[in-house]
Amino acid sequence: MLTKIPKQFYFFLAAIFILNLIQSSFTQLIFDESYYWYYSQNMAWGYFDHPPMVALLIKISSIFFNEELGVRFMSCVLSAVNIILLWLMIDNPKKNDYIKHFFVLVFSMTLLNAYGFFTLPDTPLLFFTSCFLLTYKHFIKRPTAGLAILLGVFMAALMYSKYHAVLVIFFVLLSNLKLTTNKYAWLAVTIALCCYAPHFYWLYENDLVSIKYHLYERPNGAYRFEKYTLGFFVNLVAIFGLTFPFIYKALFKTKGNDLFNKALICLTYGVLIFFFVSSFNRRVQTQWIIIVCIPLVIVAFNYMLQNKQALTWIFRLGLINTVLIIYLRIGLIYQPLLFNFYYESHGNKEWAKAIEEEVGDIPVVFENSYRNAPMYSFYTNGTPTFSLNNFMYRKNQYSINDAEEQIRGKDVAYVSKYLNNPTFTYTRENGGLYKGKYITNYQSFRKLECILADTTLTLNFKENISLKVYNPYNEDIDLKKLKFAVSYMDDYKKPMQTLQMTTEPVLPNTRFLKKKDTTDFIFQLPKTKKENIGYFRVVISENDLLYGLNGKAIRVK
């Protein structure tokens with residue numbers, strides 16, 4: 001099959017692959033990449049925010065290379081193979097005459113271009129979407145056990161990439177409901193579930209932490225049309241750039257006259273409608289809709305081969321997109337090209353090295369930053385770091401792994417924007433300020449759990465409320481080191497006021513939280529004059545650190 005691809009195709013492909021390798025080598029990591037690099041330092045079947053595929057890609061990359069390319073190499077490989085898969089899904093016999101048009105179309109799609117070298121969960125999601133669709137294309141022509149097994153493996157790989165992958169599987173199934181009576185389709189589902197079983201077990205062991213975060217705990221805010229719904233439509237334009245009118249026109253003009261085209265159309269419309277509806281509840285991030293780029297490459301290129309005007313205009317506008325993208329990609333490496341704009345890839349190595357020169361090789365605790373902590377560790381050759389998450393932030397991978405245990409009892413540098421009298425500071429070129437101080441014998445216990453029996457309560461400031469505090473650590477914790485408080489929040493779980501409170505142990509003379517045990521308390525809600533309180537959370541401060549995220553958000557009646 002691959003031998004039928006013209007040499008000219010491979011020349012273009014090699015050029016893009018080499019460009020992506022160069023880009024990967026000279027562009028500093030962005031924050032999410034450093035976070036996923038941190039994942040890869042301790043391989044597991046799951047992580048707080050995402051399934052493990054992105055960590056696996058980085059782990060494999062690190063076998064071959066160091067530094068940035070050791071994070072991104074497999075992304076370059078997958079993106080190159082992905083282009084071949086897209087080409088193989090196009091049946092039009094005239095396609096060999098328009099190879100350059102195909103590459104301009106693919107390269108001009110902004111996020112599809114970016115994920116050619118950035119290593120993010122969407123990188124394998126795009127690749128395995130193509131693998132899944134190509135296998136499905138052959139499966140519907142002639143279903144066999146071999147194709148069913150392959151289809152099941154790719155469905156599992158999709159789900160190991162990102163939870164959004166369920167949309168790909170669901171909408172392809174929706175386009176062909178006869179699959180529900182196909183024994184080979186059920187074989188594929190069985191294989192997928194078997195392959196995905198380790199992640200299911202990981203979720204079970206970790207109290208469904210990823211699912212709960214994405215469904216209930218993800219930060220949100222009040223609905224604003226310009227930020228949410230209008231922002232969604234802006235994203236529809238942004239992912240294609242100047243070619244967007246012709247891309248969407250191709251979608252509107254394409255008919256589902258066979259099962260494969262029907263799947264492409266159903267997948268595209270399904271994802272767009274799903275996130276359009278979602279935009280009335282939360283801000284839709286641009287990368288969430290990137291899945292549609294895969295079916296739309298096929299749909300748009302087939303339309304280009306049938307419509308001379310579309311062929312001409314997509315090629316012309318795609319070339320302009322390409323020039324702009326190349327300029328911006330150079331700007332990712334050399335910031336002055338972007339004038340006063342500083343992207344995430346600018347200056348990370350510099351601030352990390354500057355702080356390292358100040359503090360030496362001691363561990364560094366970053367308050368409320370799962371982004372800075374892994375970035376610092378990456379650019380200082382693995383210095384131990386920890387993200388200390390307080391009540392104004394959110395939980396992340398540092399909340400469920402052993403990073404806290406690795407630094408407890410050690411002398412650390414503590415970096416926080418909340419410090420009033422820092423011992424040292426560093427100002428980035430973009431104006432960002434790092435403020436730090438030193439702490440000897442650092443002690444934090446952010447995994448202490450505050451448990452209330454009810455998930456909904458009335459604000460009654462005189463009623464005694466039962467509280468259980470679970471200590472998951474292997475040591476007793478002196479209650480004198482702890483302060484309890486209630487953080488009152490609005491309907492979107494944004495803290496409004498945090499008030500210290502007194503807790504009374506149910507058992508007299510209780511002086512410690514026993515290790516691996518639960519201690520019972522009673523307390524009364526501290527009085528507040530704040531109105532429109534939507535939730536409250538019981539929180540704990542240890543050794544005068546800012547209060548943590550110890551209790552679940554309790555809905556106020």
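**Chat about a predicted model**

User: Which strands form a hairpin with Gly431 in the turn?

Analyst: Strand 4 and strand 5 do, with five residues between them, and Gly431 has a positive phi of about 95°.

User: Before we go on, what am I looking at?

Analyst: This is a predicted model, where local features need pLDDT of at least 70 and side-chain atom pairs count only at pLDDT 80 or more, while totals for chains, interfaces and linings use all residues. Residues are numbered from 1 along each chain as its sequence is written, and side-chain values use heavy atoms, leaving out hydrogens and water.

User: What order do the five strands of the open sheet come in?

Analyst: The order is 7-16-15-10-11, with mixed pairing. Strand 7 (456-457) and strand 11 (495-501) are the edges, each pairing on one side only. Strand 7 pairs with strand 16 (residues 554-556) in the parallel sense, over two bridges. There you'll find Leu457 opposite Val556 of strand 16.

User: Where does Lys493 lie?

Analyst: Lys493 is in the loop between strand 10 (482-489) and strand 11. Its phi is near 65°, a positive value in a residue other than glycine. Asn509 also has a positive phi, about 65°, and it is not a glycine. You can find Asn509 in the loop between strand 12 (503-505) and strand 13 (512-513).

User: Is Asn509 buried or exposed?

Analyst: Exposed, because its relative accessibility is 76%. Lys493 counts as partly exposed, at 28%. The cut-offs are under 20% relative accessible area for buried and over 50% for exposed, with partly exposed in between (1.4 Å probe, protein chains only).

User: Switching to helices. Which residues of helix 12 are buried?

Analyst: In helix 12 (residues 229-238), they are Thr229, Gly231, Phe232, Asn235 and Leu236. They cover an arc of only 155° around the axis, so they sit on the same side of helix 12. That arc is taken from the directions from the helix axis to the C-beta atoms.

User: What covers them?

Analyst: The cover includes helix 13 (244-253) and helix 14 (259-278).

User: What about Leu19, which helix is that in?

Analyst: Leu19 lies in helix 1 (residues 7-26), and it is partly exposed with a relative accessible area of 30%. Leaving aside neighbours within four places in sequence, Leu19 is in contact with Phe107 and Arg329. Contact here means heavy atoms within 4.5 Å.

User: How far is Leu19 from Ile451?

Analyst: Their C-alpha atoms are separated by 53 Å, and the two residues are 432 residues apart along the chain.

Methods. Helices (H or I, at least four residues) and strands (E, at least two) are DSSP runs, numbered from the N terminus. Two strands pair if DSSP finds at least two bridges between them.
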